[in-house]
Amino acid sequence: MPSPAIEVRGVDKYFGRFQALDGLDLTVPTGQVAGFLGPNGSGKSTTIRVLLGLLRADAGSVSLLGGDPWRDAVRLHRRLAYVPGDVTLWPGLTGGQAIDLLGRLRGGLDPGRRKELLARFELDPTKKARTYSKGNRQKVALIAALASDAELLILDEPTSGLDPLMEAVFTECVMEAKAQGRTVLLSSHILSEVEKLCDTVTIIRKGRSVESGSLDDLRHLTRSTVRATVSGDARALEGVDGVHNLRVDGDTVTLDVDNTHMDTVMRTVTGLGLRSLVSNPPSLEELFMRHYGDELATLNGGGRGDGSTAA
Amino acid sequence: MNAFTGTGTLVRFVLRRDRVRLTVWVLALVGTVVATIPALGEMFTTQAQRQARAALMDTPTGVVFGGPGYGLDDYQLGPMVVNELTMSMLIALAVMSVLHVVRHTRAEEESGRAELLRANVLGASAQMTAALVTVSLVNLLVGGLTAVAMIGNGLETADSVAYGLGLALAGISFGAIAAVCAQVVEHGRSAAGLAFLVLGVLFLCRVVGDMAEEGGNALSWLSPFAWAQQTRVFADPRWWPLALYAVLIVVLFALTYALAGRRDLGAGLVAARPGPAGASGLLNGVFALHLHQQRGAVVAWTVATFLFAVAFGSLVTEVDAMLEENPDLLAVLGGGGGADDVTGGFLGVMSGYVLMAASAYAALSVLRARTEETSGRAELTLSTAVGRVRWFGSALLVSVLSSALIVVAGGVGMGLSASAALEDSSWMWTMTGAALAQLPVALLFAALAALLTGAAPRLVPLVWAWLGYSILASVLGPLVGLDDWLLHLSAFELLPRLPGEDFDAVAVAVALGVVLVANAVALAGFRRRDLSTV
């Protein structure tokens, strides 16, 4: 297995007295799409800026494409493309000029792919950047990044200004990038997006990574929701290890089951005379809620697991 | 609810939001008046001195910066204040009023804040009305305090009031012009640009009209820049030209509301023009990017400096006569020798003004890099294969080249017009050389801006503190008899003023050495520090 594209170990970053990163770990295997999840202010953008060599880590080790992003910034930047979370462009340049400029500064971009991406993202390249909405500015940076030959794409909340149609185009583009063997680091608080695209996920909170692994690994740690229609008395499930939130409505029973106890719980359910069974794996949202449950009020519905755009 | 519901609340909101900005404007403008009136009285004490000054105001340059020249035959304090002060006051009021109106109308729409407000119980015209009401209040305040300051210095009450009212009404007219422009185009910057263009044309109308005919011809009468002085205060007062302002203001306000009623929030009457769909081959690196960002400003500063230099240079033939009548001016010009010394000294002082402009631009140009950084654009640029030293170094190079261009434009302009006036073409080379000999001073300001941006970005305002101090000390110091050591803290006193003084190679070399070291430290600092992020 090749060495990971990104390997961050125990990184601290202080801004004055404020600690933005606190022993952060992050690994992005080469050729995979890695999700980087956390609410606003949790340190996602700071981590990305450390990865880009724009900020210097106060402690810990950072390796990006096998190099040190602080010392070898220029050499490494030829091999990556970055889309900031809040894209600001040069007001006097048109979108097309900005795309070309960024491409040239990065070392060239594919004119065919540029043209194709302009069409797919429905961006008018002749408008001055000062007239663009947030979503259009983001498209400019996305097109410049995707039209390059960069082997690593670092995308900081790239869809926060895009409408659902454009989000779909974005999803396709990331899948194509993955098919071409590129590595993608995708920071987001849109859970459905990460679920759709990412092979691995790292959840970060207050500058620390609190959970990481493949989606399957993480699901293993959590509960599935099971809904069953049984002929026996469902109250028999009360008090069984690993059963939570038992709700009985006539002959229908709904319960959350710790995945580690799935086997024993299912045996009990089968013993009740099972007529129908639906089991849903935990959504990423549920993973997320477990870590941020106490911050729900501040999240303001920041992630809805139903596939719609998050705020 | 009608179209004006909520205007009162918005007026208070605007005044609160801009309390610092507006206070600074009012204090600066009224402060200028308060300081200038007694200064004029002290500089020109005898009738002969005053008439010499009046003769200067009768030259083409005098007409540009003075006006139609009422009251020049008997140049007492009143006419002096009007002729010396009006144009700078009007220009300052124009800048203040245009920026204020655009800031609270089109710029608000552009940012989306207007939408947020309009969704509340707020009449459709409330924001525009609040902007117009506040701009009127501020202009009336400046005009009123100006009149008070004049009366306080013993000038006739009626004339002073007419003059203050004229300034205020002119300022309100400029704000009204900006309000119309803000309806026409979609973006705040373009609206301000359009308003300044219109005002520039109106200013030129007055200049050309006043030069063509004493007291101004019909062309001059087209311009609101003329009417404040057409009241002939302190000479042969008449009030009715002020009515022209009233008519103009009413018409423009009505036009603004009519245009606003015909368009949607956020839309303009003229759509923005599309630009190129791709970058030309020239836009191929960070140096080209920095240059592209600044090309408009560089051209504008260069052309403006050149024109001012030509205007000042042409004054050179008046200097001898002026000095005979007013020996005090020697203190300003420096030296005290013969006729050539005086001409050289005069041109040296005028070159000093060019240098001040070039220094301001040199610092501004470097600080553009800081703006790139704080806006987040540098983050995007530096995420590509562009090193920090190359990025910041290119910005410094653009600053050096553009300030050199401005200095040379000033030197050439002054040299050309001095050569023509004195019928001696050698002045052309003398003045260009003199300007270049002072270039290191402008580079010092750029270097300080670079040093602070690179190593201590929070201290960037120090650049402006030193530039402001240097300008004040060098312009006013000799007049008020500033102590030598205080005077020498001014950057503009570091190098000898050619051609009146001798070239000092050591001082120039030291200055250039400091510039190089500061830039090297700046680049090293910028490479080592965290990028400021949004």
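A: Domain bounds here come from an automatic or database domain assignment. On that basis chain A splits into domain 1 (6–79 + 151–218) and domain 2 (223–281), and the C-alpha centres of these two domains of chain A lie 38 Å apart.

Q: And what should I keep in mind about the model itself?
A: This is a predicted model, in which local features need pLDDT of at least 70 and side-chain atom pairs count only at pLDDT 80 or more, while totals for chains, interfaces and linings use all residues. Side-chain values use heavy atoms, with hydrogens and water left out, and residues are numbered from 1 along each chain as its sequence is written.

Q: OK, how much area do chain A and chain B bury between them?
A: About 3200 Å², with 59% of it on carbon and sulfur atoms; buried area is the accessible area (1.4 Å probe) that two parts lose on being put together, summed over both. Of the area that chain A buries against chain B, 21% is supplied by A:Leu54, A:Trp90 and A:Leu105, more than any other three residues.

Q: How many residues does each chain bring to the contact?
A: Chain A brings 35 residues and chain B brings 40, where contact means heavy atoms within 4.5 Å.

Q: Switching to charges, how many salt bridges cross the interface of chain A and chain B?
A: The rule finds two, taking a side-chain nitrogen of Lys or Arg within 4 Å of a carboxyl oxygen of Asp or Glu. A:Lys13 forms a salt bridge with B:Asp530, and their closest N and O atoms are 2.4 Å apart.

Key
Chains are lettered from A and ligands numbered from 1 in the order in which they are written.
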